[in-house]
Each structure stands twice: as structure tokens, then as C-alpha cells.
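Trainee: I have a new structure open and would like to learn how to read it. Could you walk me through it?

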Amino acid sequence: QVQTAESGGGLVQAGGSLRLSCAASGRTFGTYAMGWLRQAPGKEREVVAAITRNGDYTYYADSVKGRFTFSRDNAKNTVYLQMNTLKSEDTAVYYCAANPTPYGSSLPTFSNEYAYWGQGTQVTVSS
């Protein structure tokens, strides 16, 4: 089992940047594929980015491709989401989630693939 805790959210103007961090507990962090998901008011939770266990491969939703960068540091049990050129439609609660998997190539792109979730951090982009 792993527990995750997000940080780094806040209020930013459109066009600005934020870096979200997610610290995970447990000695088996490297066996989890990780994801960043978000949920805006009145909308379903969506996967915006995912990363394989060792960080070799990443997935990005079309809406954030080219603007967000997902990375991980397994030695620090931490993942990061660098968000650039933020838009008002990026406003949401962002969640860090973990998917336990024996497969190094696993890249979960659906929210129901994730077993463990953090409490979320609010990102608000003002236009």
C-alpha cells in the first residue's frame, strides 16, 4: 500500500506556471505507475498525465500536451508535474494517484486503474 500527498497548488494568472509535487510513502514506490488526475467543478475526474514505474514513458492528455511535464524521482519517492502556459480551463483539484503493477510498461490512462489517491491540491488559473 502507498499513501500520497500533493503540494504546490495555488492561484496563478493565465500564462503562468506551477509545479506540483507528490510525496509517496512506502519502500515499494518504484513498483507503482503514477498519474496526475484532475477534477473541475461539474466534470468527471480525468487523467492528465501518467508515468511508468521507472519513468521511461509518459502519457499526456491532449489538453495538456506540450504544456505539462510529468517526472519522477524514485530515490525520493516523489513525482512532479510541471505546468506551464496555464489556462483558465486548467482550474481543478489535482490528484496524485498510484497504480500497483508488475509491468514496467504499464501506463494507466483511466482513473479507475488507480488504487491509491491523495487528498488533492487546488489549482486556480485566473484569466
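Mentor: We will go from the overall fold to the sheet, the cores and the salt bridges.

Mentor: Before that, this is a predicted model, in which local features need pLDDT of at least 70 and side-chain atom pairs count only at pLDDT 80 or more, while totals for chains, interfaces and linings use all residues. Residues are numbered from 1 along each chain as its sequence is written, and side-chain values use heavy atoms, with hydrogens and water left out.

Trainee: Thanks! How many helices and strands does the chain have?

Mentor: Helices (H or I, at least four residues) and strands (E, at least two) are DSSP runs, numbered from the N terminus. Here the chain has 0 helices and 11 strands.

Trainee: And what does the radius of gyration of the chain say?

Mentor: This radius is taken over C-alpha atoms, and the globule rule to set beside it is 2.2 Å times the number of residues to the power 0.38. For this chain of 127 residues the rule gives 14 Å and the radius of gyration is 13 Å, close to that value, so the chain is as compact as a globular protein of that length. Along its principal axes, the C-alpha trace spans about 40 × 25 × 25 Å.

Trainee: What share of the residues count as buried?

Mentor: Buried means under 20% relative accessible area, exposed over 50%, and partly exposed in between (1.4 Å probe, protein chains only). By that rule, 43% of the 127 residues count as buried.

Trainee: How do I read a sheet, and which strand order does the open one have?

Mentor: Two strands pair if DSSP finds at least two bridges between them. The open sheet has 4 strands in the order E1-E3-E8-E7, with antiparallel pairing. Strand E1 (4–7) and E7 are at the edges with a single partner strand each, so one side of each has no neighbour in the sheet. E1 and E3 run antiparallel and are joined by 4 bridges. Across that pair, Glu6 stands opposite Cys22 in E3.

Trainee: Take Ser21 in strand E3. Is Ser21 buried or exposed?

Mentor: Ser21 counts as buried, at 18% relative accessibility. Contact means heavy atoms within 4.5 Å. Beyond its neighbours within four places in sequence, Ser21 is in contact with residues including Ala5, Glu6, Trp36 and Val79.

Trainee: Which residues have the most contacts inside the largest nonpolar core?

Mentor: A nonpolar core is a set of buried Ala, Val, Leu, Ile, Met, Phe, Trp, Tyr and Cys residues joined through side-chain atoms within 4.5 Å. The largest one has 29 residues, and Met34, Trp36, Phe70, Leu81, Met83 and Tyr94 have the most contacts inside it. Several strands supply at least two residues each, among them E3 (18–24), E4 (32–39), E8 (78–83) and E9 (92–100). A second, separate core of 5 residues includes Leu37, Val47, Ala50 and Ala97.

Trainee: What does Leu81 touch, leaving aside its neighbours within four places in sequence?

Mentor: The contacts of Leu81 include Leu18, Leu20, Trp36, Ala49, Phe70 and Tyr94.

Trainee: How many salt bridges does the structure hold?

Mentor: A salt bridge is a side-chain nitrogen of Lys or Arg within 4 Å of a carboxyl oxygen of Asp or Glu. The structure holds 4 of them. In one, the closest N and O atoms of Glu46 and Arg38 are 2.7 Å apart. Glu46 is partly exposed at 31% relative accessible area, whereas Arg38 is buried at 6%.

Trainee: Which parts of the chain does the salt bridge between Arg38 and Asp90 tie together?

Mentor: The N to O distance of that bridge is 2.9 Å. Arg38 lies in strand E4 and Asp90 in the loop between E8 and E9, so the pair ties together parts 52 residues apart in sequence. Asp90 is buried too, with a relative accessible area of 1%. Salt bridges that share partners join Arg38, Glu46, Arg67 and Asp90 into one network.

Trainee: Are Lys65 and Asp62 buried or exposed?

Mentor: Both Lys65 and Asp62 are exposed. They also form a salt bridge, with their closest N and O atoms 3.1 Å apart.
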